[in-house]
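Visitor: I have a structure to read and some questions about it. Could you take me through them one by one?

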Amino acid sequence: MIPKNKKIALLHPYVDKTWWALKMMLYLSSFLSKTNQVSFFTFYFNKSKNFDYIKDFVIRDYYNKKPWKIFSLFLIAYHIRKYDYIISWNSPMHFAGVFSKIIFLSKAKLIWWNHHYPWYYSWDTNFFIILKRFLEKLILKKIDLVLANSYFLRDSIKDIYWLDSYVLYPTLDKFFNNSPKAKNSDHFTLFTYSRWVKWKNIELIFKLYENLKSEYKNLKIFIWWQWEELQFYKNKYKSVKNIIFLWFLNKEDILFYLNKSNIFLFPSKIDSFWIVALEAMSQSLPVICFEKAWIKEIVDDSKNGFLVKTDDEFIKKTKKLLDNPSLRKKFWESAYKKSKCFDESSFLKSLSEIFSF
């Protein structure tokens, strides 16, 4: 049962950019604040930006500059000591929750909601990473409940930390619950967007374009969000009208471009759950992506998209959909139906079961 009349603290390091993990923490804060006293603790809150869901709860931000960040971690731990529940995002905020229990004798139920695979367990080792891993495994026994945002991440948590966890899927923003507009089967329009860090394989999008541009003269690709190589690709394709680099999209803009497109490209080879794939499917776009364990929870191969193993297969499957209007229509219908499995009612049902621990 979802708690009522409790003091609940939610912890996330930065309220700065509108990444989906942050959106989900803010959404959860907003929902819980309807029946509880909720505070959101962070190192930094960018007050100049408009974030969804920030209405009925307090955001408390602390020093985020080194060496003050360590001090802030303990300061947050002190201020949350009298709360009934502490819900923490990934590292380092789960340390604050544990410090509150160990040092300041908090009796709170500590919940650690994992949104990302802990890549620092795969990085080349250095002293600080080794120390972080060591300390992390020491503190985990003080966490009362571990949540994962996919079954893939649940299994990874078991392998890395030897901990059991419950799956709480992110929910699709209600804004995307609107019925999608009819697609134009004659258009060859592709869309992709993400927080393009190094391992998300953005270069494949341009490789795909180079392979298909001669065959599809009206092929068009929309690309959104910043990444390290953005300026390089913008310069390289500045004279190419069919590659459109988008800038500062809000939800209305995203919905607009999703409805102008008919295939969604997902080149990433990391992430534990990619909500933008669901946003695309909610507007009837099939998804072409790599065959990773977690994406199989969203994309059903050859039903609402294609799961591929190589870059070449990614391009071939895109071409297959471009060449087959009837198959695209079939995928459109299936993608929309699948997205409904991740609506708000499903999220709240899972949340209610989790709070019964």
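Visitor: Is Ser88 buried or exposed?
Guide: This is a predicted model, so each value here is computed from predicted atoms. Ser88 lies in strand S6. A residue counts as buried under 20% relative accessible area. Ser88 has a relative accessible area of 0%, so Ser88 is buried.

Visitor: Which residues is Ser88 in contact with, leaving aside its neighbours within four places in sequence?
Guide: Ser88 sits in strand S6. Leaving aside neighbours within four places in sequence, its contacts are Leu11, Met25, Met93, His94, Ile111, Trp112 and Trp113.

Visitor: Where does Pro92 lie, and what is the peptide bond from Ser91 to Pro92, cis or trans?
Guide: Pro92 lies in the loop between strand S6 (85-88) and helix H3 (93-102). Most peptide bonds are trans. From Ser91 to Pro92, omega is near 5°, and the bond is cis.

Visitor: What is the phi of Leu105, and is Leu105 buried or exposed?
Guide: Most residues other than glycine have a negative phi. Leu105 is not a glycine, yet its phi is positive, about 55°. Leu105 lies in the loop between H3 and strand S7 (109-114). With a relative accessible area of 61%, Leu105 is exposed.

Visitor: Where does Trp162 lie, and is Trp162 buried or exposed?
Guide: Trp162 lies in the loop between helix H5 (151-161) and strand S9 (166-167). Trp162 has a positive phi of about 60°, although Trp162 is not a glycine. A residue counts as exposed over 50%. At 63% relative accessibility, Trp162 is exposed.

Visitor: How many residues of H1 are buried?
Guide: H1 has 13 residues and reaches 18 Å from its first C-alpha to its last. That is close to the 18 Å expected at 1.5 Å a residue. H1 is largely enclosed by the rest of the structure, because its buried residues number 13 of the 13.

Visitor: How are H1 and H12 set to each other, roughly parallel or roughly perpendicular?
Guide: Two packed helices are described by the angle between their axes and the distance between the axes. The axes of helix H1 (residues 20-32) and helix H12 (residues 344-354) come within 13 Å and cross at roughly 70°. Angles of 65 to 115 degrees count as roughly perpendicular. H1 and H12 are therefore roughly perpendicular.

Visitor: Which residues in H1 and H12 meet, and how many of them are nonpolar?
Guide: From H1 come Met24, Tyr27, Leu28 and Phe31. From H12 come Glu344, Phe347, Leu348 and Leu351. By class, this contact has 1 charged residue, no polar ones and 7 nonpolar.

Visitor: What do the buried residues of H9 pack against?
Guide: In helix H9 (residues 275-282), 8 of the 8 residues are buried, so H9 is largely enclosed by the rest of the structure. Among them are Ile275, Leu278, Glu279 and Met281. Just after H9, Ser284 takes a positive phi of about 70°. The buried residues of H9 pack against H1, S10, H8, S13, S14 and H11.

Visitor: Why do the buried residues of H10 line one face of the helix?
Guide: Helix H10 (residues 311-323) has 13 residues. Its buried residues are Phe314, Ile315, Lys317, Thr318, Leu321 and Leu322. Residues three or four places apart in an α-helix point the same way, because there are 3.6 residues a turn. Seen down the axis of H10, the buried residues line one face because they fall within an arc of 165°.

Visitor: What covers the buried residues of H10?
Guide: Helices and strands both take part. The helices include H6 (203-212) and H11 (325-339). The strands include S10 (189-193), S13 (263-266), S14 (287-290) and S15 (305-308).

Visitor: Which residues does Tyr216 touch, not counting residues up to four places away in sequence?
Guide: Tyr216 is found in the loop between H6 and strand S11 (220-224). Tyr216 is buried, with a relative accessible area of 5%. Not counting residues up to four places away in sequence, Tyr216 touches Phe188, Lys319, Leu322 and Asp323.

Key: Residues are numbered from 1 along each chain as its sequence is written. This is a predicted model: local features need pLDDT of at least 70, side-chain atom pairs count only at pLDDT 80 or more; totals for chains, interfaces and linings use all residues. Side-chain values use heavy atoms; hydrogens and water are left out. Helices (H or I, at least four residues) and strands (E, at least two) are DSSP runs, numbered from the N terminus. The expected span of a helix is 1.5 Å times one less than its number of residues. Buried means under 20% relative accessible area, exposed over 50%, partly exposed in between (1.4 Å probe, protein chains only). The arc is that of the directions from the helix axis to the C-beta atoms. Contact means heavy atoms within 4.5 Å. Axes are lines fitted to C-alpha atoms, for helices over the stretch in contact, and angles run from 0 to 180 degrees between N-to-C directions. Angles under 35 degrees count as roughly parallel, over 145 as roughly antiparallel, 65 to 115 as roughly perpendicular and the rest as oblique. Ala, Val, Leu, Ile, Met, Phe, Trp, Tyr, Cys and Pro count as nonpolar, Asp, Glu, Lys and Arg as charged, and the others, Gly among them, as polar.
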